[in-house]
Amino acid sequence: AMVKIVVVSDAGFATAVDRAGGALSSSDATVQEQNDAPFVAAAIASLGHDVVSVVLAPLKTGRGATDGLTRVVEEDADLVVNLCDSVQGDPQLAALVPAFLDAHGVAHTGGDAFATALCKHKEQVKHTLVAQGLPTPQYQVIPFDPERGDDDPVVFVLKVRPPVILKLCGEHASVGIDEGSVCFDQQAVRKKAKQLQQQHKQAVLVEEYVAGREFYVSCLGRPLRALPLMEHSFTGLPLRTFDKKWLERDAASVDPRFAEPVPHRCPVVAFDGSVDDVFEVAASALDAAGWRDWGRVDLRIDKGGVPLIIDVTPMTYVHPEAPCLKAAAAAGLSYAEFWRVVVDGALL
């Protein structure tokens, strides 16, 4: 039966480009083409539903995002498809959307405010995985101290075995990841962490770098079910940097130390499973984070065969060319059928 659905977004991928601080800006035509929201709205409309699109305005004057959210509520829709990975370009405000919708009793996709906030803190997601007995690499956190001046060194003692990879705790979409993100000693970690914190003003996750093959498991529906296993293959730098992921630009040179054997990586918690368990591991990781409808989990396979979770992306990118949709296609689902599963599950 036809229902009314609001697709709400926050300028999508464009805000990640602005946060990355590279050569491109959100107004660039190639960036606008990568916005997933128009494709989502068109696909859901093709299923015969009445679709309204709302883009939350940047905060320039007045109430900004809350005006847009008020409009979403006033549409009196049967379901809101929430694509807001940030609000007004700030990932930390993303929890405002489910909080506002839940406060008004509006059904929506994705997690509630708690789950959304949790997933904006990679270190908290790691703690959650460990508590659930799920395999993830050893890690440390460098807190962000707003009182520390830009010229002050990052005081940090590396306790996990290098090489390590540094990731911004509050970002997805590979924002902040470049060829210098894998560090081979404490001095390099301090230097990279300082650069990240000066630019992005947030905590940094320091995680053992796993040099094995990289796979991802996308999950779909309520309850979440795993789609076929897909592999990220690499040429050149064995890392999904922001430039490689979004701009198809590889690193100019590759540190020869990437070719050296990386030590065996033991997960934080004992795990006696193998790569055969990745589907259950991925669905369990998203479930532990309180997520629904769709999401993706990235894993690297250690030399010992252990699938180590390196990233949990609940509100993963849903452009037709996105990894999640390629996995759906491998399962025989068209783009519209992917959204039929989401909508039907969320309306139950």
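How many helices and how many strands are there in the protein chain? There are 12 helices and 12 strands, where helices (H or I, at least four residues) and strands (E, at least two) are DSSP runs numbered from the N terminus. The model is a predicted one, in which local features need pLDDT of at least 70 and side-chain atom pairs count only at pLDDT 80 or more, while totals for chains, interfaces and linings use all residues. Residues are numbered from 1 along each chain as its sequence is written, and side-chain values use heavy atoms, with hydrogens and water left out.

**View 1. The protein chain as a whole.**
Along its principal axes, the C-alpha trace spans about 55 × 50 × 35 Å. Of the 348 residues, 52% are buried, where buried means under 20% relative accessible area, exposed over 50%, and partly exposed in between (1.4 Å probe, protein chains only). Among contacts (heavy atoms within 4.5 Å) with a separation of 6 or more, residues 24 or more positions apart account for 71%.

**View 2. Helix α7 and the elements that cover it.**
Helix α7 comprises residues 122-131, and its buried residues are K122, E123, V125, K126, T128 and L129. The cover over these buried residues includes the helices α6 (113-118) and α10 (278-288), together with the strands β4 (139-142), β5 (164-168), β7 (204-208) and β12 (307-313). After α7 comes G133, with a positive phi near 75°.

H200 belongs to helix α8, which covers residues 186-200, and H200 counts as buried at 12% relative accessibility. Between H200 and L168 there are 32 residues of separation in sequence, while their C-alpha atoms are 8.1 Å apart in space. K201 is found in the loop between α8 and β7; the phi of K201 is near 55°, a positive value in a residue other than glycine, and K201 is partly exposed, with a relative accessible area of 44%.

Rings of Phe, Tyr and Trp (its six-membered ring) pair if their centres lie within 6.5 Å, and planes under 30 degrees apart count as stacked, over 60 as edge-to-face and the rest as tilted. By this rule the count comes to five aromatic pairs. W294 and W339 form an edge-to-face pair, 5.1 Å centre to centre with 75° between the planes. This pair links distant parts of the chain, with W294 in strand β11 (residues 293-301) and W339 in helix α12 (residues 335-347), 45 residues apart. Both W294 and W339 are buried. The rings of Y335 and W339 have centres 6.4 Å apart and planes at 75°, so this pair is edge-to-face. Y335 and W339 both lie in helix α12, four residues apart, or about one turn of the helix, and Y335 is buried as well as W339. Ring pairs link W294, Y335, F338 and W339 into a cluster.

G332, which follows α11, has a positive phi near 90°. E321 is placed in the loop between β12 and α11 and is exposed, with a relative accessible area of 55%. E321 and A251 are 70 residues apart in sequence and, C-alpha to C-alpha, 23 Å apart in space.

The peptide bond from P162 to P163 is cis, with omega near 0°, and P163 has its place in the loop between β4 and β5. The bond from R222 to P223 is also cis, with omega near -5°, and P223 lies in the loop between β8 and β9 (225-226). In the loop between α4 (65-74) and β3 (79-82) is D76, whose phi is near 55°, a positive value in a residue other than glycine; D76 is exposed, with a relative accessible area of 64%.
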